[in-house]
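Here are a few notes to go with your first look at this one. Have the structure open as you read.

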Amino acid sequence: EWYGAFPELCPVLHKYVRPRDKVLVVGCGNSELSEQMYDVGMCEDIVNIDISDAVIRQMQERSGSKRPKMSYLLMDMLQMDFPDAHFQVVLDKGTLDAILTDEEETTLAKVDKMFAEISRVLQVGGRYLCVSLAQAHVLKKAVEYFSQEGWVVRVHQVASSGNKQQFALPVFIYVMTKFRKIPGSAPQILEIFPEERDKPMRVESAERLVAAVKDRQHYALLCSQLSKTPCGEQVSLDLCDKESGRPRYTLHVVDSPSAKPSRDNHFAIFIIPQGRETEWLFGTEEGRKQLAGSAGFGRLVTVALHREQHYEGMAGIQAELSGKVMELAPLGLPARQQVPFLSVGGDIGVRTVRHRDTSPLSGEYVVEDVKGDGTCYFRRLIFLCNRNVVQSEVRLLPPTPLPGQKKRRKDKKKPSPTEPPAAIDKSYLCCEHHRAMVAGLCLLGGPNPFPGALLEVLVVGLGGGSLPLFVHDYFSQARVAVVEIDASMLEVATCWFGFSQGDRMRVHISDGLDYVAKLAAEAPAQYDAIMFDVDSKDLTVGMSCPPPAFVEKPFLQKVKTILKPEGVFVLNLVCRDARLKESVLATLREVFPLLYACHIEGEVNEILFCQPSPEGRQNPTELGARARELEGALRQPGRPWDSSYVLADMLQAVKIL
């Protein structure tokens, strides 16, 4: 009975077996299933067949006169004696699994014969119910055979009430309903029921159905493993929406070996507020480990909420997840233990998708507004191919009343707290690496390198436009040229991030490699500052910024050619591959005699300041003084400046390489 006890199978069988049905059980063995169906009144007209004479005699003796309408016959299911269309239901508990042990030609031929006989003895509208562990080759064979015959195929996952530590694999029931075969290519009807109480989910192919079953098998094995031992590495899984099949929740299971389990701190669930899943504390393995340690629970499951999914507040999420997350509970959780749901500030945050589109170069992307700490709102650009990385971010300004506009009376309806403001705060650089890149401009040589001096700046990589816009606005005489390969990004920056072009700001739609190469050939030594903030579309490389071609020696020599002797080349480097990173740094040192590195705390980003001449070398104290001088020049009366942005602080961790 390890294919499922009767109480577990009964809810599914009850849907497809009626009291007046004539039922055939193939390969009955000595299972109690037929007897239990008979005894609870599910049906009585049951014929059991098996090729073992000993088994048939045993079962006849066991049932005897107790079940007069049920019979046991010695018969080979590959060659049955019954007339055509004799049964409404054929039931198979593990028989197909026992026969289809491999995909040898003789085995497949035997299975085809089995299926043909089942099809022959079933009436139109009859059901073949197959209880199986759903190995991929078994499920695929059954689905392909019967769907090609025009039958409707459903797969039910049996809800388990057993001990996962004894047997982890879930049991499935295939339900194949016979229809008359329609000539031509009739559409296949393939459905899966994740649990017996759910609505069916339709899939378009046998391959997708097999994949959906495999996902549930992996999940069951994972739950079994997590229930036995602590997980050494963090485990990640997606829970999908039942209707659309799209991810609705992303869960990370984090165990803290240092936590001493007590009755109250075994297990907790942490709901990450919407839009904050990209923050270091929630979006990185190290951050989640720190979060779990500070929370003080033996096991913490973090839950990230997906964009374009609707959530009914914390209580709704708790009701939706409580059953599922308990399947991830650790060993030793006391029975009926109340598991706390935690969050930041007790709410689920606010996320509003403002724009969604697809770029031929960057793929699918979204522009969304999210609520940060307190009352601050931020607008973000996210490439969905790398959905946990913020490509661009700006802070939104609170609405200000128009001149002559009266203040809202207290008894009037207040604006919705979920409706963020629309004006862009151009004075605020949200990204720490952008702040460091601007701070690096204090390395510029010359008698008057700061605001008021004429500066020629080249920025490769537009994104939302925050970096070039800040340089344009705060360096009043700077002329900024921006190179962006993706025309869609210019439209996004203009429509959603407050970017605009003018006499001192021009965008060139071009590949940065080609643009720099052309400048090197035609107009060398023309830029005071060159800034690279360009992401790589190749996620297989251990460097997500910039693309590898941008840090190859021949190209870097072209960059040096178009840079003035006292200028600075600023590169945003995001590289998780230690060997690759060391190789990039070595190449940069070969081209640029003076190289500074500024690590961004809590991020993978490292900002590199490269200068073509070693004569401008400055120690950290001198850099701090230059940074304070630059900040003093940028802080002009009437010009907003965020007090949290201290240029000298950005350069505290600078090292000379």
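1. Before anything else, keep in mind that this is a predicted model. With a relative accessible area of 2%, Asn 572 is buried.

2. Now look at what surrounds that residue. The side chain of Asn 572 makes polar contacts with the side chain of Asp 533 at 3.0 Å and with that of Asn 605 at 3.1 Å. Leaving out residues up to four places away in sequence, Asn 572 also touches others, including His 433, Met 437, Phe 532 and Cys 545.

3. On to cysteines. You'll find zero disulfides here. Cys 43 is buried at 1% relative accessibility, and Cys 130 is buried at 0%.

4. Salt bridges come to 33. Take Lys 140 and Glu 144, whose side chains meet at 2.8 Å, N to O. They are about one helical turn from each other, because they sit four residues apart in helix 6 (residues 136-148). Lys 140 is partly exposed at 32%, as is Glu 144 at 24%.

5. Another salt bridge pairs Glu 320 with Arg 248 (2.6 Å, N to O). This one links distant parts of the chain, with Glu 320 in helix 10 and Arg 248 in strand 11, 72 residues apart. Glu 320 is partly exposed at 40% relative accessibility, whereas Arg 248 is buried at 9%.

6. Finally, Glu 590 and Lys 553 form a salt bridge at 3.0 Å, N to O. Glu 590 lies in helix 16 and Lys 553 in helix 15, so the pair ties together parts 37 residues apart in sequence.

Note on methods: Residues are numbered from 1 along each chain as its sequence is written. This is a predicted model: local features need pLDDT of at least 70, side-chain atom pairs count only at pLDDT 80 or more; totals for chains, interfaces and linings use all residues. Side-chain values use heavy atoms; hydrogens and water are left out. Buried means under 20% relative accessible area, exposed over 50%, partly exposed in between (1.4 Å probe, protein chains only). A polar contact is a pair of N or O atoms within 3.5 Å; within protein, one must be able to donate a hydrogen and the other to accept it, and residues adjacent in sequence count only if both atoms are side-chain atoms. Contact means heavy atoms within 4.5 Å. A disulfide is a pair of cysteine sulfur atoms within 2.5 Å. A salt bridge is a side-chain nitrogen of Lys or Arg within 4 Å of a carboxyl oxygen of Asp or Glu. Helices (H or I, at least four residues) and strands (E, at least two) are DSSP runs, numbered from the N terminus.
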